[in-house]
Amino acid sequence: MNSKKSDFVKFEQVDKSYDGKELVVKGLDLDIAEGEFLTLLGPSGSGKTTTLMMLAGFETPTNGEIYFDGLPINNIPPHKRGIGMVFQNYALFPHLSVYENLAFPLKVRKVDKSEIEERINKTLKMVSLTGFENRMPAQLSGGQQQRVAVARALVFDPKLVLMDEPLGALDKNLRESMQYELKHIHESLGVTVVYVTHDQGEALTMSNRIAVFNDGKVQQLSGPNELYETPVNSFVASFIGENNTFTGTVKEIASGSAKIETDSGETIVANPIAVSSSGEKSRISLRPERVSIDPNEQLENKFTSEIREIIYHGDHTRVRVNLLGNDDFILKVPNASSDLKLNVGDKLDLGWSSHDCRALDY
Amino acid sequence: MTAEIRTSDGELLSIKLKKVERRRRTTAFLLAAPLLFFIVFTYVIPIFQMLGRSIDNVQMNEFLSETHEVMQTWDGSEMPGEDVTSTFYYELKTAVENKYHGKIATRLNYEKGGFTSLIKKTSRKLENFDENGNFLEQFIDVHKKWGDIEYWLAMKRGTDAYHFRKYLTTFDFEQKFDGSIERIEEKKRINVTLWLRTIFVAVGVTFCCFILAYPISHLLSVLPTRYSNLLMICVLLPFWTSLLVRTSSWMVLLQKQGVLNDTLVSLGIVADESRLELMYNMTGTFIAMTQILLPFMVLPLYSVMKTISPSLMRAATSMGATPFHAFRKIYFPLTYPGISAGSILVFVLAIGYYITPALVGGAKGILISNRIAYHMQQSLDWSLATAMATVLLIAVLVVYWLYNKIVGIDNMRLG
């Protein structure tokens, strides 16, 4: 393959409003690279589905332009865009068999009969549904319907496939195995995928990059690692993964560390991400797994907490403690450390490094 | 090796299951029982009585039972003998005494015109008969029609307890006295025309309803609820108005001096002297029936379209189908259950429609049901009326049967 375009799909200053009063998508700039698996992640109403629908052509941007493979596509109707799509409820044609469902996009393209058969066989094999050709959609389980929907979106070899919360209706186990399957399909075909979900686990598992949406804007666009480890603002920090927070005011800031006085009067040493001067209000974010219990090493932050609740979770135990006035401070204790005797009301010494504790916007 | 499966208390599973099922079935039956009895007594039994009436001539057979019996030995090739005429004389005499000779006259008149006056005149003169003389001659003396063998043949046939001749009349055929079946003379043929017109109107009205209802049902199914409710009320509004009022308002609109013609004339589209004939013909029947039956098409269509996810059309277009192609291959086939349910509903209602054609149809726009009503109320030939009604019923059942064969009754969605 020749060199891949980094701006295979390009959103340029795209706004979208339905009612003329509120913008659902605000000034969206987004480049999607060829062959990439990009996830639009966000709570409901954040504009991620609208973004996808604009790309598919079912919604028109109120302002701005979308480019697909270098061409502006605002005025191209959906059926001429050649973009595959997997819908939330699969949208399989209930009156057509699996084979006919898959043949539909090929017949529209006037592919000849033998090639249709060949391509359908190949695609069904890819989603491990060989032998299901003559079933009707109603005779398939949810997971199988899901695979047919994916197969149907891929069978006509689109360069771009959009997926709108395709796993939302499946149960947890099936959803997880489908995540791996979709990831493998993407890797083997090299097709560009834009995936919409509100499930962060799904996003982290499958994506090359994740665009976190909130309030019609992309809050952060980066790989799963950076997103989890280095969130740029408190929305991303709280939306991705579990998060303990303190609020406070910056007292002193110097060379990669900031002293912040919390609302309870204690001072925490933190990593200044979104604060730059003393006197600023800040929300400090700290992942539960970055907190050490009974720290013996040299850590900048060491405090004593009181256990409020112990919740058994199988592979780990969650401990809710009161720390520096925060009654909802969560710790994750792996089950390997079962020698640790925990009781509600006990005092527990905790500590963490200033690097892991990020001072973000308030 | 099939081991018998038993429940924990040792009973055979199959028997136990039946017991439990039986209780459930009894409950279900009891719930349905009141309606079932109501339907049996007010619907099923009357229908069978009606079917019977179309072939039933038992009363007539009893009035002239002995004459009928004696006539069985008469071959009809020449005038009946004294055994027949004398028996008829005595039975007619009894009839006059008990005052049911009028019924005999009416009944026999269905078999052959002229019998009414014949029987009435004969009844008046009966007391002058010489019971020792030749009866046939005395009958002929009273009225020369008694010399016509056809009247005696008609009497033989008209006193059969059961006959199917009304069904022949329904299709403009008659049975000659020699047993051959022929079409009746051309100027009397009316029923076949009416049957054909009824089917044509029913099919046409169904088609017009479909054409009008399909787009509006689609709109109803995609509009947000608050708009669709309002629109739905507009569609259903006619339901809340009396059928008679609605039909009368069509008369106001469609008549020659009516609103529609006045408007067309004042707009200069139609000249005053050539106002459109929109009423008292087929046009009137068509327009009014289409409007009145429209909701029966809209409701099933709407209920089916409501269940079609909009993402199906999106999916089809995302795969490269033009909106028209997506409609033809995806949306339209998915609405078949609604189309077929609506069509069969409208067709069955239209084929038996009565009030509207009676009021706006005129002579050229009446349908078979108006003819049935005519025989029930005017000509009082109930046998013919019920024979026609039976044919109508069978026609509807055939439509259902075809529907079940082609579409399957399970696929019907009425709302």
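**Ground rules**

I count residues from 1 along each chain as its sequence is written, and chains are lettered from A, with ligands numbered from 1, in the order in which they are written. Because the model is predicted, local features need pLDDT of at least 70 and side-chain atom pairs count only at pLDDT 80 or more, while totals for chains, interfaces and linings use all residues.

**Chain A, overview**

I began with chain A and looked up eight helices and 20 strands. Helices (H or I, at least four residues) and strands (E, at least two) are DSSP runs, numbered from the N terminus. The C-alpha trace of chain A spans about 75 × 45 × 40 Å along its principal axes.

Of its 362 residues, 37% count as buried. A residue is buried if 20 or more other C-beta atoms lie within 10 Å of its own, exposed if 12 or fewer, and partly exposed in between, with C-beta atoms placed from the backbone.

I also looked at contacts in chain A between residues at least 6 apart in sequence: 65% of them join residues at least 24 apart. Two residues are in contact if their C-beta atoms, placed from the backbone, lie within 7 Å.

**Chain A, the open sheet**

Next I traced an open sheet of six strands in chain A, in the order 6-7-8-3-9-10, with mixed pairing. Two strands pair if DSSP finds at least two bridges between them. The edges are strand 6 (83-86) and strand 10 (217-222), each pairing on one side only. Neighbouring strands here are turned by 20° against each other on average, direction ignored. For such angles, axes are lines fitted to C-alpha atoms, for helices over the stretch in contact, and angles run from 0 to 180 degrees between N-to-C directions.

Strand 3 (residues 37-41) and strand 9 (residues 209-214) of chain A run parallel over four bridges. A:Thr39 has A:Ile210 as its bridge partner in strand 9.

**Chain A, the barrel**

I then followed a closed barrel of five strands in chain A, 11-12-13-20-14, also with mixed pairing. Its neighbouring strands are turned by 55° against each other on average, direction ignored.

Which strands did I check here? Strand 11 (residues 244-254) and strand 14 (residues 281-286) of chain A pair in the antiparallel sense over six bridges. A:Gly248 is bridged to A:Ser282 in strand 14.

**Two positive phi values**

A:Glu165 is not a glycine, yet its phi is positive, near 40°. I located A:Glu165 in the loop between strand 7 (160-164) and helix 5 (172-189) of chain A. A:Glu165 counts as buried because 20 C-beta neighbours lie inside 10 Å.

B:Asp172 is not a glycine either, and has a positive phi of about 65°. Its place is the loop between helix 9 and strand 1 (173-175) of chain B. B:Asp172 has 18 other C-beta atoms within 10 Å, so it is partly exposed.

**Chain B, helix 12**

Helix 12 (residues 243-254) of chain B has 12 residues and reaches 16 Å from first C-alpha to last, close to the 16 Å expected at 1.5 Å a residue. The expected span is 1.5 Å times one less than the number of residues.

Which of its residues are buried? I noted B:Thr247, B:Trp250 and B:Leu254. They share one side of helix 12 because they cover an arc of only 50° around the axis. That arc is taken from the directions from the helix axis to the C-beta atoms. The face turned away carries the exposed residues B:Leu244, B:Val245 and B:Val252. The cover over the buried residues includes helix 13 (259-266), helix 14 (282-306) and helix 18 (355-360) of chain B.

**Chain B, two buried residues**

B:Val298 sits in helix 14 of chain B. B:Val298 is buried, with 24 other C-beta atoms within 10 Å. Not counting residues up to four places away in sequence, B:Val298 touches B:Ala213, B:Ile216, B:Ser217 and B:Val235.

B:Thr159 lies in the loop between helix 8 (149-158) and helix 9 (165-170) of chain B. B:Thr159 is buried too, with 26 other C-beta atoms within 10 Å.

**Where B touches A**

Last, I looked at the contact, which takes 15 residues from chain B and 19 residues from chain A. Helix 15 of chain B gives the most to the chain B side, with six residues.
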